[in-house]
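Welcome! Take a moment to look over the sequence and turn the model around before reading on.

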Amino acid sequence: MRMGAGAPEARRRKEEALAGLFETHYERIVRYIALRVGARGEAEDLASQVFLRAVEALDAYQERGLPMQAWLFRIAHNMAVDFLRRNSHRRTVSIEGLAIAAATSPEGAVALRLELEAAAAAMAQLTPAQRDVLALRVLGGLTSEQAGKVLGKSGGAVREMQSSALQSLRRLLERGSEARHV
Amino acid sequence: MSDARHLNRILDDCLDRVLFRGESVESCLARHPQQAAELEPLLRAAVLTRQALASQPQPEWKAQARLRLGQALEQHRRLAGRRGWARGLWRSPRWAAAAAAALVVALLAGAGSGTVAASASSVPNEPLYGVKRKAEAVRLFFSLGEDSKATVYADLADRRLVEMASMTEAGRPREVELLGQDL
């Protein structure tokens with residue numbers, strides 16, 4: 001049911017919720033989109049568009065089992081899909097420009113950086129569906145049920161994909177580690 | 001429940017605890033000793049991935065995005081306010097009749113369709129700008145239903161924003177101010 005203009009209080013609450021989520025979730029959405037489309041600059045622009053699109057659709061938004069944060073990720077997901085469709089010549093996700101978090105201590109800094117680079121590279125080798133699930137869960141902070149609503153899948157299906165994705169990631173990391181120590 | 005599904009649920013719960021509730025991997029493994037050997041490499045892979053991709057977006061990008069969001073929310077509020085105002089007037093038969101008469105007079109006193117078309121690109125303080133605004137008023141008057149009017153209002157707001165950008169580039173702050181009052 002669409003919200004009529006006779007509910008200004010409800011509209012104001014939604015606007016405030018959206019503004020609040022911008023402050024807490026903007027970075028997560030940028031990281032999520034960056035992982036999906038493989039380019040930081042475009043991710044920042046698309047993340048901004050996610051919130052603008054949310055304003056356009058705000059009157060129609062109803063929290064029916066889909067919290068606003070998950071709704072934002074659904075918008076981000078659709079936007080990433082549209083972007084990739086328009087730029088279908090991009091066969092692989094590039095990790096260039098996806099800044100790696102620096103090591104927090106001098107000891108083992110080099111080893112940690114190598115591990116982090118390996119993790120980022122391994123993510124790029126997952127299937128798009130696996131990368132999507134992990135992006136929503138690990139970067140986006142959505143529960144498996146919420147991620148399911150974004151992807152149009154059940155919570156159980158998301159948990160299964162998540163497990164499979166992490167198994168693949170683990171194998172890729174082990175293979176990379178063995179190669180580094182040869 | 002199958003072993004695989006059971007493990008998936010435990011892994012899911014541990015991911016929530018470790019990634020978002022500050023619990024350590026060791027604490028989660030201690031909670032599930034029978035599955036610890038399988039869980040540990042998966043949890044560590046998730047933690048490493050999040051660390052690897054936990055870069056902060058550029059602050060200036062976020063500032064720009066915040067500004068755009070603020071402008072969009074402000075426009076959203078204004079449009080909602082105008083819908084409420086217009087709806088109130090719409091219910092007044094006297095106002096509706098007066099508005100219809102005024103618009104007809106404006107059309108008759110104005111210009112033909114060719115002039116209206118020519119006015120489309122005009123900006124404030126140009127001769128045809130008044131024609132452009134009258135044409136918009138007619139369009140709004142004849143749009144039926146809330147959704148249709150909301151669409152027209154949104155389109156008109158977009159036009160004002162484009163005009164404001166044009167006036168800003170041309171260094172005409174007075175026109176920018178006038179247009180801002182119309183938003």
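## A residue between two chains

Which residues does A:Arg137 touch, not counting residues up to four places away in sequence? Keep in mind that this is a predicted model. In chain A, the residues touched by A:Arg137 are A:Leu142, A:Thr143, A:Ser144, A:Ala147 and A:Gln162. In chain B, they are B:Asp12, B:Leu15, B:Asp16 and B:Phe20.

To find A:Arg137, go to helix α5 of chain A, which covers residues 128-139. A:Arg137 has a relative accessible area of 1%. Buried means under 20%, so A:Arg137 counts as buried.

Now for some helix packing. Two packed helices are described by the angle between their axes and by the distance between those axes.

Start with helix α1 (residues 8-37) of chain A and α3(A), whose axes come within 9 Å and cross at roughly 40°. The crossing of α1(A) past α3(A) is right-handed. On the α1(A) side, the residues in contact include A:Leu18, A:Leu21, A:Ile29 and A:Tyr32. On the α3(A) side, they include A:Leu72, A:Phe73, A:Ala76 and A:Phe83. Sorted by type, the residues of this contact are 15 nonpolar, three polar and three charged.

## Helices α2 and α3 of chain A

Helix α3 (residues 68-86) of chain A also meets helix α2 (residues 40-56) of chain A: their axes come within 9 Å and cross at roughly 130°. The two helices are therefore oblique to each other. Here, too, the crossing is right-handed as α2(A) passes α3(A).

Which residues make the contact between α2(A) and α3(A)? From α2(A) come A:Glu42, A:Leu46, A:Gln49, A:Val50, A:Phe51, A:Arg53 and A:Ala54. From α3(A) come A:Trp71, A:Leu72, A:Ile75, A:Ala76, A:Met79, A:Asp82 and A:Phe83. This set divides into 10 nonpolar residues, one polar and three charged.

## Chain B as a whole

How many helices and strands does chain B have? The count is nine helices and zero strands, so reading along the sequence gives the pattern α-α-α-α-α-α-α-α-α.

Chain B has 183 residues, and 38% of them count as buried. Among the contacts in chain B with a separation of 6 or more, 52% come from residues 24 or more positions apart.

Notes
Residues are numbered from 1 along each chain as its sequence is written. Chains are lettered from A and ligands numbered from 1 in the order in which they are written. This is a predicted model: local features need pLDDT of at least 70, side-chain atom pairs count only at pLDDT 80 or more; totals for chains, interfaces and linings use all residues. Side-chain values use heavy atoms; hydrogens and water are left out. Axes are lines fitted to C-alpha atoms, for helices over the stretch in contact, and angles run from 0 to 180 degrees between N-to-C directions. Helices (H or I, at least four residues) and strands (E, at least two) are DSSP runs, numbered from the N terminus. Angles under 35 degrees count as roughly parallel, over 145 as roughly antiparallel, 65 to 115 as roughly perpendicular and the rest as oblique. A crossing is left-handed if the near helix is turned anticlockwise from the far one by less than a right angle, and right-handed if clockwise. Contact means heavy atoms within 4.5 Å. Ala, Val, Leu, Ile, Met, Phe, Trp, Tyr, Cys and Pro count as nonpolar, Asp, Glu, Lys and Arg as charged, and the others, Gly among them, as polar. Buried means under 20% relative accessible area, exposed over 50%, partly exposed in between (1.4 Å probe, protein chains only).
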